[in-house]
Amino acid sequence: MIKIHDMGGLPCVEALPVENKTVFEKEWHKIVLSLTLAVGALGKWNIDRSRYFRESLPPDDYKRFTYYEKWMAGLVNLMVDSGLVDQSELRDFKAANKPMRGVSVSPEALKSMIAKGDSSLCSSNTSFQPHEIGTPVKTKSPPDNDYLENGHTRLPAYSSGYQGQIVLFHGFHRLPDTNAHLLGPKPEPLYTVSFTAKSLWGNEAENPDDEIHLDLWHSYLEPLQSV
Amino acid sequence: MTDNDTHHHHRHLPPDPEYTAEKLQELLIQKGLVDEKALDEIVNIYEHKIGPQNGSRVVAKSWVNEEFKKLLFDNPTEAIKSLGFHGRQGEHIIAVENTNETHNMVVCTLCSCYPWPLLGIPPNWYKSDSYRKRAVREPRKVLQEFGVELQGTQKVKVWDSTAEIRYLVVPMQPEESKGLSEDELVPWVTRNSMIGTGLPTEPK
(Lines give C-alpha, C1' and ligand atoms only; values in the text may rest on other atoms or scores of the structure.)
Protein backbone atom coordinates (compact mmCIF):
# COMPACT_ATOMS: atom_id res chain seq x y z
CA MET A 1 0.00 0.00 0.00
CA ILE A 2 1.43 3.36 -0.95
CA LYS A 3 1.06 5.82 1.88
CA ILE A 4 -0.24 9.31 1.58
CA HIS A 5 3.07 11.06 2.18
CA ASP A 6 4.91 8.94 -0.40
CA MET A 7 4.10 11.19 -3.33
CA GLY A 8 7.32 11.53 -5.37
CA GLY A 9 6.63 11.13 -9.09
CA LEU A 10 2.84 11.02 -8.80
CA PRO A 11 1.04 12.70 -11.69
CA CYS A 12 0.48 16.36 -10.86
CA VAL A 13 -0.53 19.32 -12.99
CA GLU A 14 -0.60 21.86 -10.18
CA ALA A 15 1.74 24.82 -10.47
CA LEU A 16 4.00 25.56 -7.53
CA PRO A 17 2.58 27.88 -4.88
CA VAL A 18 3.63 31.51 -4.85
CA GLU A 19 6.60 32.11 -2.57
CA ASN A 20 5.92 33.18 1.01
CA LYS A 21 7.46 36.51 1.95
CA THR A 22 8.48 35.90 5.53
CA VAL A 23 10.15 33.03 7.37
CA PHE A 24 6.92 32.38 9.26
CA GLU A 25 3.75 33.15 7.31
CA LYS A 26 1.56 33.20 10.44
CA GLU A 27 2.22 33.88 14.10
CA TRP A 28 0.93 30.45 15.09
CA HIS A 29 3.54 28.80 12.85
CA LYS A 30 6.14 30.14 15.29
CA ILE A 31 4.28 28.52 18.16
CA VAL A 32 4.13 25.14 16.45
CA LEU A 33 7.78 25.11 15.42
CA SER A 34 9.02 26.18 18.85
CA LEU A 35 6.74 23.77 20.73
CA THR A 36 7.84 20.90 18.50
CA LEU A 37 11.50 21.56 19.19
CA ALA A 38 11.09 22.35 22.89
CA VAL A 39 8.95 19.28 23.64
CA GLY A 40 11.12 17.13 21.37
CA ALA A 41 14.12 18.22 23.46
CA LEU A 42 12.63 16.35 26.44
CA GLY A 43 13.90 13.22 24.69
CA LYS A 44 10.70 11.16 24.88
CA TRP A 45 10.96 10.23 21.20
CA ASN A 46 13.40 10.42 18.32
CA ILE A 47 13.29 12.29 15.00
CA ASP A 48 12.30 9.15 13.05
CA ARG A 49 9.36 8.63 15.34
CA SER A 50 8.20 12.22 14.92
CA ARG A 51 8.31 11.82 11.14
CA TYR A 52 6.43 8.53 11.43
CA PHE A 53 3.70 10.20 13.49
CA ARG A 54 3.27 13.03 10.99
CA GLU A 55 3.07 10.54 8.16
CA SER A 56 0.51 8.34 9.88
CA LEU A 57 -2.09 11.03 10.43
CA PRO A 58 -5.48 10.08 9.00
CA PRO A 59 -4.94 10.39 5.21
CA ASP A 60 -7.69 12.97 4.82
CA ASP A 61 -6.01 15.14 7.43
CA TYR A 62 -2.59 14.70 5.83
CA LYS A 63 -4.05 15.82 2.51
CA ARG A 64 -5.82 18.94 3.70
CA PHE A 65 -3.48 20.02 6.50
CA THR A 66 -0.86 22.66 5.90
CA TYR A 67 2.73 21.88 6.91
CA TYR A 68 2.48 23.23 10.45
CA GLU A 69 -0.93 21.65 11.02
CA LYS A 70 0.72 18.30 10.30
CA TRP A 71 3.47 19.17 12.74
CA MET A 72 0.98 20.15 15.45
CA ALA A 73 -1.21 17.06 15.01
CA GLY A 74 1.89 14.85 14.99
CA LEU A 75 3.23 16.50 18.13
CA VAL A 76 -0.05 16.09 19.99
CA ASN A 77 -0.29 12.41 19.04
CA LEU A 78 3.30 11.88 20.21
CA MET A 79 2.59 13.57 23.53
CA VAL A 80 -0.51 11.45 24.11
CA ASP A 81 1.33 8.29 23.03
CA SER A 82 4.20 8.92 25.40
CA GLY A 83 2.03 10.05 28.29
CA LEU A 84 3.18 13.67 28.42
CA VAL A 85 -0.36 14.90 27.90
CA ASP A 86 -3.66 13.29 28.74
CA GLN A 87 -6.48 13.24 26.18
CA SER A 88 -8.79 14.91 28.70
CA GLU A 89 -6.36 17.84 28.95
CA LEU A 90 -6.75 18.44 25.24
CA ARG A 91 -10.51 18.84 25.53
CA ASP A 92 -10.38 21.98 27.67
CA PHE A 93 -6.64 22.75 27.51
CA LYS A 94 -6.39 22.70 31.29
CA ALA A 95 -3.60 20.84 33.08
CA ALA A 96 -4.90 17.86 35.05
CA ASN A 97 -2.08 18.03 37.60
CA LYS A 98 0.16 20.58 39.22
CA PRO A 99 2.99 21.85 37.00
CA MET A 100 6.06 19.65 36.82
CA ARG A 101 9.19 21.32 38.12
CA GLY A 102 12.60 21.10 36.55
CA VAL A 103 11.33 19.25 33.48
CA SER A 104 11.36 21.91 30.75
CA VAL A 105 14.51 22.52 28.74
CA SER A 106 16.13 25.92 29.30
CA PRO A 107 16.75 28.43 26.50
CA GLU A 108 20.52 27.89 26.82
CA ALA A 109 20.23 24.11 26.61
CA LEU A 110 17.94 24.34 23.58
CA LYS A 111 20.27 26.75 21.87
CA SER A 112 23.15 24.33 22.24
CA MET A 113 20.99 21.38 21.12
CA ILE A 114 20.14 23.26 17.92
CA ALA A 115 23.80 24.07 17.36
CA LYS A 116 24.90 20.51 18.04
CA GLY A 117 22.18 18.63 16.13
CA ASP A 118 21.52 14.95 16.46
CA SER A 119 23.71 12.87 14.18
CA SER A 120 22.36 9.57 12.91
CA LEU A 121 25.89 8.32 12.22
CA CYS A 122 26.91 5.26 14.27
CA SER A 123 30.08 3.22 14.46
CA SER A 124 30.40 0.40 11.92
CA ASN A 125 29.31 -3.09 12.86
CA THR A 126 30.12 -6.49 11.46
CA SER A 127 26.54 -7.42 10.55
CA PHE A 128 26.94 -5.74 7.19
CA GLN A 129 29.74 -5.70 4.67
CA PRO A 130 29.21 -2.40 2.86
CA HIS A 131 28.88 -2.53 -0.93
CA GLU A 132 31.55 -0.82 -2.93
CA ILE A 133 31.02 2.41 -4.81
CA GLY A 134 29.91 1.54 -8.33
CA THR A 135 27.99 -1.59 -7.32
CA PRO A 136 24.84 -2.03 -9.39
CA VAL A 137 21.84 -2.61 -7.14
CA LYS A 138 18.12 -3.21 -7.33
CA THR A 139 15.80 -1.67 -4.76
CA LYS A 140 13.46 -3.79 -2.68
CA SER A 141 9.92 -4.23 -3.99
CA PRO A 142 7.40 -3.64 -2.56
CA PRO A 143 8.93 -0.87 -0.41
CA ASP A 144 7.82 -2.44 2.85
CA ASN A 145 9.21 -2.23 6.34
CA ASP A 146 10.89 -5.59 7.13
CA TYR A 147 10.10 -5.42 10.83
CA LEU A 148 6.53 -4.23 11.07
CA GLU A 149 3.66 -4.54 8.66
CA ASN A 150 2.82 -1.16 7.21
CA GLY A 151 5.63 0.40 9.26
CA HIS A 152 7.85 3.38 8.63
CA THR A 153 10.43 3.32 5.81
CA ARG A 154 12.47 5.75 3.71
CA LEU A 155 12.34 3.88 0.41
CA PRO A 156 10.01 5.95 -1.77
CA ALA A 157 7.53 3.89 -3.83
CA TYR A 158 8.61 5.50 -7.10
CA SER A 159 12.12 4.10 -6.68
CA SER A 160 11.10 0.63 -5.53
CA GLY A 161 12.01 -2.32 -7.76
CA TYR A 162 14.42 -0.39 -9.99
CA GLN A 163 18.07 -0.73 -10.88
CA GLY A 164 20.59 1.90 -9.92
CA GLN A 165 24.18 2.27 -8.92
CA ILE A 166 25.85 3.12 -5.63
CA VAL A 167 27.64 6.44 -5.98
CA LEU A 168 28.36 7.45 -2.36
CA PHE A 169 28.80 5.65 0.94
CA HIS A 170 27.99 7.60 4.10
CA GLY A 171 28.99 5.13 6.84
CA PHE A 172 26.57 3.34 9.15
CA HIS A 173 23.43 5.25 10.11
CA ARG A 174 20.46 4.55 12.34
CA LEU A 175 17.75 2.69 10.46
CA PRO A 176 14.50 4.71 10.48
CA ASP A 177 12.48 1.53 9.88
CA THR A 178 13.24 0.31 13.40
CA ASN A 179 14.15 3.53 15.17
CA ALA A 180 10.73 5.08 14.40
CA HIS A 181 9.02 2.17 16.17
CA LEU A 182 11.32 2.17 19.21
CA LEU A 183 12.86 -1.11 18.05
CA GLY A 184 16.39 0.24 18.32
CA PRO A 185 18.66 2.08 15.87
CA LYS A 186 19.97 -1.10 14.13
CA PRO A 187 22.65 0.85 12.18
CA GLU A 188 23.15 -0.09 8.53
CA PRO A 189 25.39 1.24 5.76
CA LEU A 190 23.77 4.23 4.07
CA TYR A 191 24.45 4.96 0.41
CA THR A 192 23.47 7.40 -2.27
CA VAL A 193 22.11 5.44 -5.19
CA SER A 194 21.86 6.98 -8.64
CA PHE A 195 19.07 6.09 -11.08
CA THR A 196 18.75 7.31 -14.63
CA ALA A 197 15.50 9.07 -15.49
CA LYS A 198 14.99 6.45 -18.19
CA SER A 199 15.21 3.61 -15.71
CA LEU A 200 12.55 5.16 -13.48
CA TRP A 201 10.21 6.74 -16.00
CA GLY A 202 10.92 4.84 -19.22
CA ASN A 203 9.88 6.69 -22.34
CA GLU A 204 8.14 9.35 -20.30
CA ALA A 205 11.47 10.65 -19.00
CA GLU A 206 12.09 14.29 -19.97
CA ASN A 207 15.68 13.39 -20.75
CA PRO A 208 16.76 9.74 -20.45
CA ASP A 209 20.21 10.63 -19.09
CA ASP A 210 19.05 12.87 -16.25
CA GLU A 211 19.64 11.30 -12.87
CA ILE A 212 17.71 10.93 -9.64
CA HIS A 213 19.74 10.30 -6.49
CA LEU A 214 18.36 8.76 -3.32
CA ASP A 215 19.86 7.99 0.07
CA LEU A 216 19.06 4.34 0.79
CA TRP A 217 19.98 1.86 3.51
CA HIS A 218 21.75 -1.46 2.92
CA SER A 219 18.65 -3.62 3.51
CA TYR A 220 16.70 -1.68 0.85
CA LEU A 221 19.13 -2.91 -1.79
CA GLU A 222 20.01 -6.13 -3.49
CA PRO A 223 23.39 -6.15 -5.26
CA LEU A 224 23.36 -7.23 -8.90
CA GLN A 225 26.12 -8.89 -10.87
CA SER A 226 28.16 -6.30 -12.69
CA VAL A 227 27.53 -6.36 -16.39
CA MET B 1 5.46 -0.96 23.23
CA THR B 2 4.74 -1.65 19.61
CA ASP B 3 2.92 0.47 17.13
CA ASN B 4 -0.48 -0.54 16.00
CA ASP B 5 0.13 -0.84 12.30
CA THR B 6 -3.43 -1.10 11.09
CA HIS B 7 -5.11 1.97 12.48
CA HIS B 8 -4.21 5.55 11.85
CA HIS B 9 -3.55 7.93 14.66
CA HIS B 10 -6.55 9.77 15.97
CA ARG B 11 -7.60 13.35 15.89
CA HIS B 12 -7.34 15.09 19.22
CA LEU B 13 -7.58 18.70 18.18
CA PRO B 14 -10.16 21.35 17.36
CA PRO B 15 -10.23 22.48 13.72
CA ASP B 16 -8.90 26.05 13.99
CA PRO B 17 -5.08 25.76 14.00
CA GLU B 18 -4.43 29.27 15.27
CA TYR B 19 -6.69 28.83 18.29
CA THR B 20 -5.34 25.33 18.92
CA ALA B 21 -1.69 26.36 18.74
CA GLU B 22 -2.25 29.15 21.27
CA LYS B 23 -4.20 26.94 23.67
CA LEU B 24 -1.67 24.13 23.34
CA GLN B 25 1.17 26.52 24.15
CA GLU B 26 -0.69 27.70 27.28
CA LEU B 27 -1.31 24.12 28.36
CA LEU B 28 2.28 23.02 27.93
CA ILE B 29 3.62 26.05 29.80
CA GLN B 30 1.06 25.44 32.55
CA LYS B 31 2.18 21.82 32.82
CA GLY B 32 5.81 22.88 33.09
CA LEU B 33 6.79 20.94 29.96
CA VAL B 34 8.17 23.96 28.11
CA ASP B 35 9.83 27.19 29.14
CA GLU B 36 8.30 30.25 27.49
CA LYS B 37 11.72 31.91 27.13
CA ALA B 38 13.04 28.83 25.36
CA LEU B 39 10.18 29.08 22.84
CA ASP B 40 11.09 32.71 22.15
CA GLU B 41 14.73 31.76 21.73
CA ILE B 42 13.90 29.08 19.14
CA VAL B 43 11.85 31.55 17.10
CA ASN B 44 14.61 34.14 17.40
CA ILE B 45 17.19 31.66 16.12
CA TYR B 46 15.22 30.69 13.02
CA GLU B 47 13.95 34.19 12.32
CA HIS B 48 17.22 36.05 12.71
CA LYS B 49 20.27 33.83 13.05
CA ILE B 50 19.91 30.82 10.80
CA GLY B 51 18.95 31.49 7.20
CA PRO B 52 20.15 31.45 3.59
CA GLN B 53 22.80 34.07 4.40
CA ASN B 54 24.77 31.19 5.97
CA GLY B 55 24.71 29.11 2.80
CA SER B 56 25.51 32.17 0.68
CA ARG B 57 28.64 32.71 2.76
CA VAL B 58 29.73 29.11 2.18
CA VAL B 59 29.22 29.36 -1.59
CA ALA B 60 30.83 32.79 -1.92
CA LYS B 61 33.87 31.58 0.01
CA SER B 62 34.18 28.53 -2.22
CA TRP B 63 34.20 30.80 -5.28
CA VAL B 64 37.19 32.83 -4.11
CA ASN B 65 39.12 30.42 -1.91
CA GLU B 66 40.44 27.28 -3.63
CA GLU B 67 41.52 25.66 -0.39
CA PHE B 68 38.08 26.11 1.15
CA LYS B 69 36.44 24.84 -2.03
CA LYS B 70 38.50 21.67 -1.89
CA LEU B 71 37.54 21.12 1.75
CA LEU B 72 33.88 21.80 0.94
CA PHE B 73 33.77 18.95 -1.57
CA ASP B 74 36.15 16.59 0.26
CA ASN B 75 34.75 17.07 3.75
CA PRO B 76 31.70 19.31 3.54
CA THR B 77 30.59 18.88 7.14
CA GLU B 78 34.04 20.01 8.38
CA ALA B 79 34.14 22.92 5.93
CA ILE B 80 30.76 24.15 7.10
CA LYS B 81 31.65 23.64 10.74
CA SER B 82 34.75 25.80 10.22
CA LEU B 83 32.38 28.71 9.48
CA GLY B 84 30.22 27.88 12.49
CA PHE B 85 27.11 26.74 10.60
CA HIS B 86 26.79 23.19 11.84
CA GLY B 87 23.60 22.04 13.56
CA ARG B 88 20.16 20.52 13.76
CA GLN B 89 18.68 19.24 10.50
CA GLY B 90 22.02 19.49 8.75
CA GLU B 91 24.28 17.14 10.66
CA HIS B 92 25.70 15.65 7.46
CA ILE B 93 25.96 17.91 4.44
CA ILE B 94 27.01 17.07 0.91
CA ALA B 95 27.88 19.89 -1.47
CA VAL B 96 27.04 19.25 -5.12
CA GLU B 97 28.62 21.43 -7.77
CA ASN B 98 26.92 22.79 -10.84
CA THR B 99 29.09 22.68 -13.95
CA ASN B 100 28.67 23.11 -17.69
CA GLU B 101 27.74 19.41 -17.73
CA THR B 102 25.51 19.14 -14.66
CA HIS B 103 22.72 21.11 -13.01
CA ASN B 104 21.78 19.90 -9.53
CA MET B 105 18.43 20.31 -7.83
CA VAL B 106 17.25 19.22 -4.38
CA VAL B 107 13.89 17.92 -3.16
CA CYS B 108 12.58 15.72 -0.37
CA THR B 109 9.65 13.72 -1.68
CA LEU B 110 8.76 11.92 1.57
CA CYS B 111 8.76 14.95 3.88
CA SER B 112 10.61 18.24 3.44
CA CYS B 113 14.21 17.62 4.47
CA TYR B 114 16.37 20.64 3.85
CA PRO B 115 19.79 21.88 5.08
CA TRP B 116 18.45 24.03 7.92
CA PRO B 117 21.77 25.33 9.34
CA LEU B 118 22.67 26.67 5.89
CA LEU B 119 19.34 27.78 4.42
CA GLY B 120 17.01 28.18 7.40
CA ILE B 121 13.42 27.00 7.30
CA PRO B 122 12.28 25.74 3.90
CA PRO B 123 10.01 28.02 1.85
CA ASN B 124 6.37 27.03 1.31
CA TRP B 125 6.82 25.80 -2.27
CA TYR B 126 9.59 23.40 -1.19
CA LYS B 127 7.12 21.81 1.23
CA SER B 128 4.24 21.76 -1.29
CA ASP B 129 2.78 18.56 -2.67
CA SER B 130 3.31 19.78 -6.23
CA TYR B 131 7.07 20.29 -5.78
CA ARG B 132 7.41 16.96 -3.97
CA LYS B 133 5.50 15.13 -6.71
CA ARG B 134 6.96 16.87 -9.73
CA ALA B 135 10.64 17.52 -8.95
CA VAL B 136 11.71 13.91 -9.50
CA ARG B 137 9.49 13.28 -12.49
CA GLU B 138 9.69 16.49 -14.49
CA PRO B 139 12.59 18.50 -13.09
CA ARG B 140 13.09 20.37 -16.34
CA LYS B 141 9.52 21.60 -16.38
CA VAL B 142 9.83 22.65 -12.75
CA LEU B 143 13.06 24.50 -13.52
CA GLN B 144 11.33 26.28 -16.38
CA GLU B 145 8.61 27.39 -13.98
CA PHE B 146 11.34 28.90 -11.81
CA GLY B 147 12.80 30.63 -14.87
CA VAL B 148 16.00 28.58 -14.85
CA GLU B 149 17.37 28.13 -18.36
CA LEU B 150 19.66 25.16 -18.73
CA GLN B 151 22.59 25.11 -21.09
CA GLY B 152 22.05 22.71 -23.97
CA THR B 153 24.48 20.11 -22.73
CA GLN B 154 23.59 20.12 -19.05
CA LYS B 155 22.30 16.96 -17.46
CA VAL B 156 19.89 17.40 -14.52
CA LYS B 157 20.72 15.58 -11.30
CA VAL B 158 17.92 15.55 -8.75
CA TRP B 159 18.84 14.77 -5.14
CA ASP B 160 15.84 13.35 -3.27
CA SER B 161 17.20 13.77 0.22
CA THR B 162 15.64 11.29 2.57
CA ALA B 163 16.77 12.91 5.87
CA GLU B 164 20.18 11.80 7.11
CA ILE B 165 22.16 13.62 4.43
CA ARG B 166 21.25 17.16 3.38
CA TYR B 167 22.36 18.68 0.09
CA LEU B 168 23.71 22.11 -0.77
CA VAL B 169 23.93 23.07 -4.43
CA VAL B 170 27.03 25.11 -5.24
CA PRO B 171 26.04 27.13 -8.31
CA MET B 172 28.51 28.27 -10.96
CA GLN B 173 29.89 31.73 -10.39
CA PRO B 174 28.48 34.17 -12.96
CA GLU B 175 31.16 35.54 -15.30
CA GLU B 176 30.18 39.14 -14.55
CA SER B 177 30.89 38.61 -10.83
CA LYS B 178 34.46 37.40 -11.30
CA GLY B 179 37.00 39.50 -9.43
CA LEU B 180 34.60 40.54 -6.65
CA SER B 181 35.47 39.86 -3.01
CA GLU B 182 33.84 37.20 -0.87
CA ASP B 183 31.76 39.82 0.94
CA GLU B 184 30.61 41.35 -2.33
CA LEU B 185 29.66 37.92 -3.69
CA VAL B 186 27.48 36.85 -0.75
CA PRO B 187 24.34 38.71 -1.95
CA TRP B 188 24.68 37.17 -5.45
CA VAL B 189 24.08 33.71 -4.00
CA THR B 190 20.31 33.50 -3.76
CA ARG B 191 18.59 30.88 -1.66
CA ASN B 192 17.07 29.20 -4.72
CA SER B 193 20.47 28.97 -6.41
CA MET B 194 21.52 26.74 -3.49
CA ILE B 195 18.45 24.49 -3.92
CA GLY B 196 19.01 24.39 -7.66
CA THR B 197 15.77 26.15 -8.55
CA GLY B 198 17.53 29.42 -9.32
CA LEU B 199 20.81 30.87 -10.51
CA PRO B 200 23.01 33.44 -8.78
CA THR B 201 22.04 36.96 -9.78
CA GLU B 202 23.43 40.43 -9.40
CA PRO B 203 21.92 42.02 -6.28
CA LYS B 204 19.60 44.97 -6.96
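The buried residues of helix 8 of chain B are covered by elements from both chains, including helix 8 (197–201) and strand 5 of chain A together with strand 2, helix 7, helix 9 and strand 3 of chain B. Contact here requires that the C-beta atoms of two residues, placed from the backbone, lie within 7 Å. Helices (H or I, at least four residues) and strands (E, at least two) are DSSP runs, numbered from the N terminus. This is a predicted model, in which local features need pLDDT of at least 70 and side-chain atom pairs count only at pLDDT 80 or more, while totals for chains, interfaces and linings use all residues. Residues are numbered from 1 along each chain as its sequence is written, and chains are lettered from A and ligands numbered from 1 in the order in which they are written.

Of the 9 residues of helix 8 of chain B, 7 are buried; among them are B:Tyr131, B:Arg132 and B:Val136. A residue is buried if 20 or more other C-beta atoms lie within 10 Å of its own, exposed if 12 or fewer, and partly exposed in between, with C-beta atoms placed from the backbone.

Strand 2 (residues 102–107) of chain B is largely enclosed by the rest of the structure, because 5 of its 6 residues are buried. This strand pairs with strand 3 (residues 155–160) of chain B in the parallel sense over 6 bridges, where pairing requires that DSSP find at least two bridges between two strands. B:Met105 has B:Val158 of strand 3 as its bridge partner. Strand 3 of chain B also runs parallel to strand 5 (residues 211–217) of chain A, joined to that strand by 4 bridges. There, B:Val158 is the bridge partner of A:Ile212.

The contact between the chains takes 76 residues from chain B and 87 residues from chain A. On the side of chain B that touches chain A, helix 1 gives the most, with 12 residues. By class, this side has 28 nonpolar, 20 polar and 28 charged residues; Ala, Val, Leu, Ile, Met, Phe, Trp, Tyr, Cys and Pro count as nonpolar, Asp, Glu, Lys and Arg as charged, and the others, Gly among them, as polar.

The largest nonpolar core has 98 residues, and A:Val32, A:Leu35, A:Ala38 and B:Leu168 have the most contacts inside it. Such a core is a set of buried Ala, Val, Leu, Ile, Met, Phe, Trp, Tyr and Cys residues joined through C-beta atoms within 7 Å. Not counting residues up to four places away in sequence, A:Leu35 touches A:Leu75 and several residues of chain B, including B:Leu24, B:Leu28 and B:Val34.
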